[in-house]
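Notebook open, structure on screen. Here is what I looked up today.

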Amino acid sequence: MERTALQVSIFGLLLAFGITQPKNDWDIYNFNINCTVTSRYATTIITSRVVNRKDESQEIEFHVRIPKNAFITKFRMLIDGQMYDGVVKAKEAAQQQYSDAVSRGESAGIVSSVGRTLEEFKTSVTVAPLKKVTFELTYEELLKRTLGKYELLIHARPMQPVKDFKVDVNIQENAGISFIDVKGGLSTGALADAITKTHSDQQATVNFYPTVEQQKSCESCGDEGMNGDLVIVYDVNRNRSLGDVKTSSGYFVHHFAPSELPRIPKNVVFVIDKSGSMHGKKIEQTRAALIHILNDLAEDDFFGLITFDSRVSYWKRELVQANSKHVKSAKEFARKIREQGGTNINDALLDGSRMLNENPRKGSASILILLTDGDPTSGVTNLDSINSNVMEAIQNKFPLYCLGFGFDVEFSFLEKLSLLNNGAARRIYPDADADLQLKGFYDEVATPLLTDVVMTYIGGANLTRTNFSQYYNGSEIVVAGQLTDNNIDAFVPRVLAISKNTSIIFSEKDSTTKSTDSNIQRVWAYLTVKQLLEKELQYSGDEKERMKNETLRLSLKYNFVTPLTSMVVTKPTKEKTEVLHKPSEEGPPPPESPSLVMRSPGVGSLPRLAGASPGLGGAMTKFHHGPVSGRSGLPGKRLHGKMSQQMTRQHVLRTPYFRGTPDFHGYLHRPDSMTDISHDLIQEVAVDLPRRTFLTGTLPTVAVDLPRRTFLSGTLPPVVEPQIRFLLSAENQSLPLCFDITASTALRLLHVPSTGLSVNGALDGKRGFRVIVVHFNPDITITVNKYGVTANDGQVEQMIPWQAGQEETVIFGSVTVIKRNLEVDITVGETRLIILHHGSAGEEFLWPVLRQRPSDDNAGGILAQKPAVYEDVSTHMLNLKIKDQEVRVSRTTAADYSFSPAVIMPCWLTPAASALQSQLSDFTVQSI
């Protein structure tokens, strides 16, 4: 059985060359953990920002422990204002790329799994003197239900108190949340005051915002900050015996967990290692756990108890009923277990199998449980032979569960042994609570409700595992697959199983629900990869290689860091990394005709003018010079030694790199000679620019003073109104799409017909939104602008300015508005919207971020757009295939204002209609 908790163990940012460095050498000034759970699929984002306070470079290590079930899907570092995204590669290729980057002295990090258990991930980066780095790690896991609940466990140890420490957990379950609770050491004492919890029918949130003083005040806290757990426990409503079946975009997922079934009496044999290596605490804790387990046996259960070292010993040679007399005798036997000798796993398991096979009981469920702390040293020691012998003895009649005590055991052997026999393996950690770990595992399998479970899906294909030997009370079976021809009408799920002596069929009409959950395909991929990894462990030869190749293919496609892959973050070898906005060489070559392209920082841009290169990327001003006779139809007249008269106010050659003013960022393409500018562009074009604008580029940089209205000579058409650039994430692709919208447009951001929720926004003509208005039902209106937030329910109006220091909350029925420092958090039913405040005095603007999507299939608006689906079909030109349509694109950059501060992201620039798969007019409004 697998561990059920989603565990984030943050061991802080450790100095790779020694953990005894003075505390003022580095500082974590921001640490956020954001977890979103939708239909039991959890996506967790850890963001940590650190500054190197030394006057020399040093390598800082980011060390994360996550549970065995989690896959890292994204890792990136923000260094000197530029975001570097990780790329999932085969592990060998990833390691080579990392080594090459380090040898060149570049900033680089690598995230790789440690062993098959995926328990630890590390990355490190060399940080320049007095510079900052941001780590962002994303991982995903399908939560497993255990003992009637799901657990989200966050273990925090950031190595120092952090001024801005936040944990945000958002849970959305369409089946309804039956209960939610917060436990763990970080929920006690003074830290309890830092926790806020909300719970509605289908949604729950937990926020944990401890102050610096609170981070020092818990039982396990001190000058090094927090060191403890925050545990979110919840379960969902279960109204259908067939369970919860959802479909989306040609995929389905089935959560099966029937309740109110009669328990099945069990036959259980415990096979306990008492070899010499079990001495001390191990054998003491094993005895204690075994006594607790014996106490919990039901009277209609039958059980056996075997111990082994070099030889096999029995309490009794056959199964006996768990009446009080037998339980008392078995407990006396357990108390006298003493460690000695070697480890004869083979004979012990064969005898345990014999006991179960010789005592079959109709209407019961049999289980074999092995506990060992080492590899076989006596009797049969060849691992393949043991696997073969035990499989022949069990013959798929019952599951074998293997518990590995400590780290001396070859855990992969126990995994394979259990998987070959329909069970699972678990490591028991040699800590003070090892006896509780043993007892906890037993509790998970203590109450069988069904045996021989077969999940069938007419109209389904590419299914994950569908056969299960037993289903236990409080657990859950999850199956995912694809719909044949995406035909939901022909899709019929059914479950066949045995309950005691009776065959039972679970089947319901209209049991399948269409969903907007975009994670259903990822659930299928996640389960498929996990199960392929298990199969690969069981096979050998060509079949093993086939499993490995398919696992690698899916891992790379879905960006899963698995035992076969790693994720590398490295500054591109061909880029001059100090030039943050330099266009990638992957774009098409620039055209030969003269061109002028101007773009504001990232999201704001002027339209590409006639003759401009689509490959110039984001913020860029290009002056192409030289004779143009024969290309433009104009005479080949040249001007040497000066610019045209309209541009003579000032030009200064500068060697240092300037990022530009807040008004405008751009590039100046360096001519062969700074005094050799074409004078043949004779057509007046009016351009409004700031009086002093830095046009940045490769080398050198030119500072140009221009009047507010300056006429540049050229053959280009008049420059039209600036545009603002938007990003649209892409499904299973590293680069998002981006598109431009005229900067004075009023947009429909979100519209949810089923609830009456409407969100509109007016762009400010420069960089973002000047005002965003939320309408809900006839009366409730939330208006956010650069001055603050106004909430009106038709009777009462409340205004909260941005300058208000403390957190302010307004509640109108199902609408909750929380104004924090530089953000407004608006929750309307199941929908959660964050509005971020960017910029400084006089240049403020807003940017909306949809944190929780509505479940309404008919929801519309810019924010409701699903991730784009495209494939690269480039030949000699850059083309993407978006929804069966080939679109010419260029690689560029955009500012992602869903971050604060914003970060520069690479993207594929495409027409708005292609990205949105609809005309832009469908997303505009006359008034907000």
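Is Gln285 buried or exposed? Buried means under 20% relative accessible area, exposed over 50%, partly exposed in between (1.4 Å probe, protein chains only). Gln285 has 6% relative accessibility, so I put it down as buried.

Before going on, I noted that this is a predicted model, where local features need pLDDT of at least 70, side-chain atom pairs count only at pLDDT 80 or more, and totals for chains, interfaces and linings use all residues. Residues are numbered from 1 along each chain as its sequence is written, and side-chain values use heavy atoms, with hydrogens and water left out.

**Around Gln285.** I found Gln285 in helix H3 (residues 281-295); helices are DSSP runs (H or I, at least four residues) and strands too (E, at least two), numbered from the N terminus. Leaving aside neighbours within four places in sequence, Gln285 is in contact (heavy atoms within 4.5 Å) with Phe405, Asp431, Ala432, Asp433, Ala434, Asp435 and Leu438.

**The disulfide.** I looked for disulfides (cysteine sulfur atoms within 2.5 Å) and got one. It joins Cys738 to Cys907, S to S 2.2 Å. Cys738 sits in strand E43 (residues 737-742) and Cys907 in strand E59 (residues 903-909), so the pair ties together parts 169 residues apart in sequence. The S-S torsion is about 75°, so I call this disulfide right-handed. Cys738 counts as buried, at 0% relative accessibility, and Cys907 is buried at 0% as well.

**Leu737.** Again leaving aside neighbours within four places in sequence, I listed the contacts of Leu737, which include Phe726, Tyr870, Cys907 and Trp908.
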